Amino acid sequence: MRQVAFFRGKRDGVESHTERMKRRIDSTEGKQMIAARFATVEPVFGNLRHNKRLDRFTLRGRTKVDGQWKLYCMVHNIEKLGHHGYAN
C-alpha cells in the first residue's frame, strides 16, 4: 500500500498550536509556570526513574501497569513522609 502526504506549509493569518504554546511559554507567566513544574513535578519522575530504577514496567496490561505505577508512587510518598519526620 502506498501513502501520500500533502505538505501545505504555514497557513496565512492562522497561528498554529505549536506557535501559540511557544508564545505562552515565553511569557513571564509561562516562565513562572515552567519553573514551578521543574521544582514540583520533575524531581518525582527523576526519583522514580533513577533511584527506584523504574525505567520500564515489568507487567503487561493496563490494570497491572496501573497497579505497579501506584505502588511506586506510594513508596515515593511514604519515603517523603519518613524524611520529613512523620515516622517517629
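**Charged pairs, helix packing and surface**

Tutor: Lys 22 and Glu 19 are three residues apart in helix H1 (residues 17-26), so about one helical turn separates them. The two form a salt bridge, with 3.9 Å between the closest N and O atoms. Bear in mind that this is a predicted model.

Student: Is Lys 22 buried or exposed, or something in between?
Tutor: Lys 22 is partly exposed, because its relative accessible area is 47%. Glu 19 also counts as partly exposed, at 35% relative accessibility.

Student: How many salt bridges turn up in the whole structure?
Tutor: Five, from a search of the whole structure. Another one of them joins Asp 55 to Arg 49, where the closest N and O atoms are 3.9 Å apart. Asp 55 and Arg 49 are both exposed.

Student: And what does Lys 52 pair with?
Tutor: The side chain of Lys 52 meets that of Glu 79 in a salt bridge, at 2.7 Å from N to O. Lys 52 sits in the loop between H3 and H4, while Glu 79 is in helix H4, so this pair ties together parts that are 27 residues apart in sequence.

Student: Where do those two stand on accessibility, buried or exposed?
Tutor: Lys 52 counts as buried because its relative accessibility is 18%, and the cut-off for buried is under 20%. Glu 79 has 32% relative accessibility and counts as partly exposed.

Student: Staying with the loop between H3 and H4, what is the phi of Arg 53?
Tutor: Phi of Arg 53 is near 55 degrees, which is a positive value in a residue other than glycine. Most residues other than glycine have a negative phi. Arg 53 lies in the loop between H3 and H4, and at 68% relative accessibility the residue counts as exposed.

Student: New topic. At what angle do H2 and H3 pack?
Tutor: At about 35 degrees, with the axes of helix H2 (residues 28-40) and helix H3 (residues 42-51) 4 Å apart. On the H2 side the contact is made by Arg 37, Phe 38, Ala 39 and Thr 40. On the H3 side the residues are Glu 42, Pro 43 and Val 44.

Student: Tell me more about Glu 42. How far is Glu 42 from Val 14 in space?
Tutor: The C-alpha to C-alpha distance between Glu 42 and Val 14 is 33 Å, and they are 28 residues apart in sequence. Glu 42 is placed in helix H3 and counts as partly exposed, at 29% relative accessibility.

Student: On to H4. Is His 76 buried or exposed?
Tutor: His 76, a residue of helix H4, counts as buried because its relative accessibility is 9%.

Student: Which residues make up the nonpolar surface patch?
Tutor: Ile 78 is one of them, together with Leu 71, Met 74 and Val 75. The patch has an area of about 360 Å².

Definitions and conventions:
Residues numbered from 1 in each chain as written. Predicted model: local features only at pLDDT ≥ 70, side-chain atom pairs only at ≥ 80, totals over all residues. Heavy atoms only, no water. Axes fitted to C-alpha atoms, helices over the stretch in contact; angles between N-to-C directions. Helix = DSSP H or I, 4+ residues; strand = E, 2+ residues; numbered from the N terminus. Contact = heavy atoms within 4.5 Å. Patch = residues over 30% accessible without salt bridge, like charges linked within 9 Å, V, L, I, M, F, W, Y side chains within 5 Å. Areas by Shrake-Rupley, 256 points an atom, 1.4 Å probe, with all protein chains shown as cover. Salt bridge = Lys/Arg side-chain N within 4 Å of Asp/Glu carboxyl O. Buried < 20%, exposed > 50% of the residue type's maximum accessible area, 1.4 Å probe, protein only.
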